[in-house]
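Hi there,

Here is the structure I promised to pass on to you.

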Amino acid sequence: MDWISPRALNRLGMLNMNRRNVDYIARYNERSSYPLVDNKLKTKLVVAEYEVKTPRLLQVVRQQHEISHFREMAEDLQGFAIKPAKGSGGKGITVITGRDGEEYVKASGARVNTAYLELHLSNILAGLYSLAGTPDVAIVESLVESAPSLARYSFQGVPDIRIIVFRGYPVMAMLRLATTASDGKANLHQGAVGVGLDIGSGRSLNAVQFNRPITLHPDTGLALGSIVIDAWPQMLEMAARCYEATGLGYMGVDLVIDHREGPLLLELNARPGLAIQMANGRGLLPRLHTIEKLKRPHFTPTERAHYAMTTFASV
Amino acid sequence: MTGRSRLPFYVAVFLLITAGISLAVWRHIELGIPWLTGEQRPVWMVEARVDFDAGNGPVLASLNIPQQPPGFSILSEQAASPGYGFSIIDSSGSRRAEWSKREASGPQTLYFKAQFVPDPTAQPAIPGRKPGTRRVFWEEPEATAVREILAQARARSSTPESMTRELIRLMQPDTRTQNTTLLIAEENYLDLLVGMLNHAGIAARTADGLQLEDARRRQQLMPFLQIFNGREWLTFNPKTAEQGVPENLLLWRQGSSSLLDVIGGDNSEVSFSMLRQTVPALQLANMQSASSGLGFLSFYELPIEEQSMFRMLLLLPLGALMVAFMRIVIGIRTSGTFMPVLIAVAFVQTTLVPGLIAFLSVVAIGLLMRGYLSSLNLLLVSRISALIILVIFITAGLSIIGYQMGFNTGMTVTFFPMVIIAWTIERMSILWEEEGAREVVVQGTGSLFVAICAYLLMSAPLAGHLTFNFPELHLVILGLILLMGQYTGYKLSELKRFTPMKVYD
């Protein structure tokens with residue numbers, strides 16, 4: 001068994017679960033803002049007013065009987081994603097990337113029929129994936145097609161970028177790449193690769209899978225050391241803008257880069273995980289303290305993104 | 001650090017914990033509720049037997065019984081006497097047991113039993129009014145002898161106590177002078193002593209003590225001398241002048257003129273037999289507190305049914321404490337926040353191994369059946385409802401099979417809450433589909449591990465004893481749980497999880 005001493009963790013400024021819950025989430029996140037981020041449909045609508053783009057909404061299934069309309073709507077579509085509005089951690093998300101006759105092709109390559117998707121919608125409505133098991137709404141979104149420069153790093157799934165935004169300042173970011181182990185999902189605990197990104201430049205720092213440092217993507221074999229995210233300042237500003245939209249002081253903003261539409265907001269998270277620190281190889285606490293100590297916070301998202309880029313840059 | 005000050009919070013937690021502990025200590029001292037379960041206390045069972053010959057007519061027998069013997073408290077009293085009316089009469093300064101019967105003839109035997117608990121703090125009530133002295137008239141030449149002995153004793157003493165001691169010493173055979181030999185005949189020694197002390201202005205009386213010895217029968221009372229020193233009655237051994245009540249001496253009669261009066265009978269006599277018993281300290285505390293007025297604070301006042309329910313309920317905070325500790329400080333992942341507590345409660349009812357086997361087999365069979373259900377493409381609600389019914393079938397089946405095979409434990413499966421099991425199966429199977437078998441194993445074993453820890457804590461006899469008899473200790477548990485809610489340090493599991501960060505240190 002290998003352990004790290006609490007003192008070493010303190011030196012690194014590693015934020016832990018208990019402190020995140022007590023000192024940041026409980027203190028900076030209003031309970032009343034939670035439904036906004038816990039419900040993807042509400043998130044979509046509210047951030048739209050703040051000029052934050054999200055994948056196009058194709059259909060909202062609210063009632064059991066509306067499921068039959070789904071078939072008609074999906075008739076002509078090549079790809080789409082079905083999501084539970086209140087799902088968390090990517091649960092219940094089904095991504096269809098193509099058609100094979102009457103059957104649909106999932107991101108993993110598996111073929112499913114309409115009945116499967118209808119049952120899936122019915123499960124979502126019953127609240128199978130929602131946080132508290134309450135009845136839910138299913139949303140069907142247009143498929144995000146990742147920019148090829150990034151997509152090649154990811155195995156099957158769309159790579160996304162998680163940015164921790166504290167009081168409107170983007171403080172830490174990572175790129176999440178799907179792997180075989182993660183079954184095309186971008187969840188680190190399922191085996192996705194996390195690549196730390198330099199806030200100053202959008203360049204990759206180092207990468208982890210299952211909490212262990214790696215240098216090559218396990219499936220694509222590509223080196224992870226020299227990834228650069230295009231339109232980086234624009235993405236940071238988008239993330240910063242979500243603070244105004246939701247009022248959440250501490251949150252995770254998940255963005256994707258669509259090859260046509262540019263950066264899109266996938267979802268917000270009021271309880272972002274701690275693995276981002278391992279992907280970056282540094283702790284969150286020093287940066288959070290820097291923001292907490294600011295005497296005069298910046299008012300506009302642009303200023304905050306700029307401040308973060310100069311203050312938290314690694315090089 | 002911004003935000004509200006946490007000082008009031010810590011003060012409140014401190015108050016909760018001190019209030020809990022001090023209440024418990026106070027109740028321990030005041031009511032004698034023991035800290036440990038198995039504590040035993042000695043109790044003396046003393047039986048007075050009254051024998052007399054009744055003479056064909058109404059009979060009234062009256063026996064002096066102890067009121068408040070120093071060093072003991074009375075736990076229970078009862079009389080056994082077939083055909084007799086019985087009552088305890090409290091008259092000023094003495095208590096008497098009275099038996100009465102209209103027609104009685106021949107030898108009669110009456111019994112009076114009492115239980116005494118050694119209690120060093122028990123003292124007789126201080127008389128409200130100063131007892132008077134009785135003037136004794138002495139004839140010459142005794143009067144001169146008395147005067148001289150008293151003068152001698154007074155010269156060598158300063159207080160009523162020392163006066164008494166000196167007087168007793170002067171009256172002993174080896175120090176006797178001519179004066180005393182003149183006065184003393186063996187049978188009137190104690191009366192003479194009382195008379196002389198009264199004559200000297202010191203209130204004095206006789207008392208009867210009983211030497212407590214285990215399993216003694218036909219024990220006789222021993223005479224003792226008591227004097228009043230202005231505040232309280234002091235006891236002296238009339239032979240040795242030793243002051244105070246010796247250990248294991250029960251003063252049966254104090255301050256009353258006669259031990260036994262029998263009207264309508266003769267040849268009466270009293271004899272005593274005694275037995276040392278040990279009684280669980282808890283039972284003793286309950287018997288005593290029931291009469292002391294503080295008893296209403298205890299759960300023992302509730303009907304038995306409610307008591308057993310509270311016994312269970314009061315264990316829950318311990319389980320919650322264990323879950324909070326395991327999740328916040330150790331960092332063990334469980335499925336559902338308090339499912340481990342519910343599983344542990346079920347284990348308490350079934351005991352661990354049968355409970356574990358039952359739980360695992362029900363969940364395993366349930367998971368198999370859930371696999372079939374999911375292939376039916378049912379709606380979620382009806383799937384879970386169906387699962388609940390299946391779980392009931394499974395438990396019923398296991399109970400019957402267990403019973404046929406001769407295991408009684410099959411029945412105990414029913415203690416598991418059906419809905420919880422059904423929901424567990426549902427969650428586990430979804431977890432299986434979405435995150436893989438590994439996550440099911442991690443969360444499943446985490447839940448079971450925490451449940452077993454909680455069970456071990458809750459099933460400890462001491463835990464059951466303390467939570468039920470000192471419910472105020474739950475304030476301490478509450479304080480600890482609140483404190484844990486403020487713990488912002490690293491979990492034990494995080495020290496493992498963040499190990500790769502060593503590279504960057």
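In chain B, the UniProt annotation "transmembrane region", from an unreviewed entry, covers residues 7–26, 312–332, 338–368, 380–401, 407–425, 446–467 and 473–492. UniProt positions are given in the numbering used here, with feature names shortened, and annotations may be inferred rather than shown by experiment.

Before the rest, some ground rules. This is a predicted model, in which local features need pLDDT of at least 70 and side-chain atom pairs count only at pLDDT 80 or more, while totals for chains, interfaces and linings use all residues. Residues are numbered from 1 along each chain as its sequence is written, chains are lettered from A and ligands numbered from 1 in the order in which they are written, and side-chain values use heavy atoms, leaving out hydrogens and water.

I looked at two of the annotated spans. Residues 7–26 of chain B are 100% helix and 0% strand, with 28 Å between the end C-alpha atoms. For residues 380–401 of chain B that distance is 31 Å, again with 100% helix and 0% strand. (Helices are DSSP runs of H or I with at least four residues, strands are runs of E with at least two, and both are numbered from the N terminus.)

Now to the packing in chain B. Helix α8 (residues 316–330) and helix α9 (residues 339–350) of chain B have axes 9 Å apart and pack at an angle of about 135°. Axes here are lines fitted to C-alpha atoms, for helices over the stretch in contact, and angles run from 0 to 180 degrees between N-to-C directions. α8(B) and α9(B) are therefore oblique to each other; angles under 35 degrees count as roughly parallel, over 145 as roughly antiparallel, 65 to 115 as roughly perpendicular and the rest as oblique. Leu316(B), Gly319(B), Ala320(B) and Val323(B) of α8(B) meet Pro340(B), Val341(B) and Val345(B) of α9(B), contact meaning heavy atoms within 4.5 Å. By class, six of these residues are nonpolar, one is polar and none is charged. (Ala, Val, Leu, Ile, Met, Phe, Trp, Tyr, Cys and Pro count as nonpolar, Asp, Glu, Lys and Arg as charged, and the others, Gly among them, as polar.)

Further along, the axes of helix α10 (residues 352–375) and helix α11 (residues 380–404) of chain B come within 10 Å and cross at roughly 140°. That makes α10(B) oblique to α11(B). Their contact has ten nonpolar, four polar and two charged residues.

Finally, how do the chains meet? In all, 32 residues of chain B are in contact with 43 residues of chain A. The area buried between chain B and chain A is about 3700 Å², and carbon and sulfur atoms give 56% of it. Buried area is the accessible area (1.4 Å probe) that two parts lose on being put together, summed over both. Tyr490(B), Met501(B) and Tyr504(B) supply 18% of the area that chain B buries against chain A, more than any other three residues.

Best wishes
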